[in-house]
Amino acid sequence: QRRTLIALPPCLQPPGMATELQGICAELHSDRDNLSAIAEWCAAAYREPGRPRAETVEQTQAYLVDALSTVGQHVGAAGASLLARLGAP
């Protein structure tokens, strides 16, 4: 189930901000899809007969660390972009 992002009113959208934030939001949607794919892979791999579970958990953790780091970077970029466009110091 996808959530709709709330758009800023036009009076709060400096030129170029909507396009930049839309790009960042698209990246965040992609991040969510990647996290879902990791969860699906983990579940399938964990149930796979003969596959070492400890190895599956370790690999899942590595994938999640990378994916969540990317999410954090995108959230930070969105915040920085919004603050810069609103003229925050």
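**Exercise 1. Is T60 buried or exposed, and which residues does T60 touch?**

Step 1. Start with the surface: T60 has a relative accessibility of 8% and therefore counts as buried. Here buried means under 20% relative accessible area, exposed means over 50%, and partly exposed is in between, with a 1.4 Å probe and protein chains only.

Step 2. Before going on, a word on the model: it is predicted, so local features need pLDDT of at least 70 and side-chain atom pairs count only at pLDDT 80 or more, while totals for chains, interfaces and linings use all residues. Residues are numbered from 1 along each chain as its sequence is written, and side-chain values use heavy atoms, with hydrogens and water left out.

Step 3. Now place the residue: T60 sits in helix α2. Helices are DSSP runs of H or I with at least four residues, strands are runs of E with at least two, and both are numbered from the N terminus.

Step 4. Look at the neighbours. Apart from residues within four places in sequence, T60 is in contact with I38, W41 and C42, where contact means heavy atoms within 4.5 Å.

Step 5. Finish with the side chain of T60, which reaches the backbone oxygen of T56 at 2.8 Å.

**Exercise 2. Work out whether the span of α2 agrees with its number of residues, and list its buried residues.**

Step 1. Helix α2 covers residues 53-85. The expected span of a helix is 1.5 Å times one less than its number of residues.

Step 2. With 33 residues, α2 should span 48 Å, and its end C-alpha atoms are 47 Å apart, which agrees.

Step 3. The buried residues of α2 are T56, T60, A67, H74, A78 and S81.

Step 4. Check what follows the helix: just after α2, G87 takes a positive phi of about 80°.

**Exercise 3. How many aromatic pairs does the whole structure hold, and what is the geometry?**

Step 1. A search of the whole structure finds one aromatic pair. W41 and Y63 form this edge-to-face pair, at 5.4 Å centre to centre and 75° between the planes. Rings of Phe, Tyr and Trp (its six-membered ring) pair if their centres lie within 6.5 Å; planes under 30 degrees apart count as stacked, over 60 as edge-to-face and the rest as tilted.

Step 2. The pair links distant parts of the chain, with W41 in helix α1 and Y63 in helix α2, 22 residues apart.

Step 3. For the surface, W41 is partly exposed at 28% relative accessibility, and Y63 is partly exposed at 34%.

**Exercise 4. Describe the surroundings of Y46.**

Step 1. Y46 is in helix α1, residues 17-47, and counts as partly exposed at 35% relative accessibility.

Step 2. Leaving out residues up to four places away in sequence, Y46 touches R53, T56 and V57.

Step 3. R53 lies over the face of Y46, at 4.3 Å from the ring centre. A charge sits over a ring if NZ of Lys or CZ of Arg is within 6 Å of the ring centre and within 35 degrees of the ring normal.

Step 4. Return to T60: its C-alpha atom and that of Y46 are separated by 9.9 Å, with the residues 14 apart along the chain.

Notes:
A polar contact is a pair of N or O atoms within 3.5 Å; within protein, one must be able to donate a hydrogen and the other to accept it, and residues adjacent in sequence count only if both atoms are side-chain atoms.
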